[in-house]
Amino acid sequence: MAGTADGDTVDVVGLWVTADGHIRQELRPDGRYDEARGERRSAYTGRYTVTGSHLDHVDDGGFSATGDSRDGVLHHEHLVLYREEKAP
């Protein structure tokens, strides 16, 4: 979904990466996420919810973080992540 002007929730399911590719966050359709950092797979795992364009993450260890989707870019705390498009 492109936006939330009519109250819709944005579609964030997929793989999101930082510009340098160091951090990769997979947001799954079941409300779970898996974040890799560098060579470390599953550095953080947990659940997320989306309300409009706002995301709330709760790590399996209890840590929480928030973010927002703006113009197709995910702003997650201090990170800026871009959707990685699948190759055709």
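In this predicted model, Asp 59 is buried (under 20% relative accessible area, with over 50% exposed and values in between partly exposed; 1.4 Å probe, protein chains only). A salt bridge requires a side-chain nitrogen of Lys or Arg within 4 Å of a carboxyl oxygen of Asp or Glu; Lys and Arg count as positive and Asp and Glu as negative, while His and the chain ends are not counted. A polar atom of the Asp 59 side chain lies 2.8 Å from the backbone nitrogen of Gly 61. Beyond its neighbours within four places in sequence, Asp 59 is in contact (heavy atoms within 4.5 Å) with Tyr 33, Tyr 44, Thr 45 and Gly 46.

Local features need pLDDT of at least 70 and side-chain atom pairs pLDDT 80 or more, whereas totals for chains, interfaces and linings use all residues. Residues are numbered from 1 along each chain, and side-chain values use heavy atoms, without hydrogens and water.

The structure holds 4 salt bridges. One of them joins Asp 60 to Arg 32, with the closest N and O atoms 2.8 Å apart. Asp 60 lies in the loop between β5 and β6 (64-70) and Arg 32 in strand β3 (residues 32-37), so this pair ties together parts 28 residues apart in sequence. Strands (E, at least two residues) are DSSP runs numbered from the N terminus. Another salt bridge links Arg 37 and Glu 35 (2.7 Å, N to O); Glu 35 is buried at 4% relative accessibility, whereas Arg 37 is partly exposed at 28%.

Terms used. Polar contact = N/O pair within 3.5 Å; in protein donor to acceptor, adjacent residues only side chain to side chain. Helix = DSSP H or I, 4+ residues; strand = E, 2+ residues; numbered from the N terminus.
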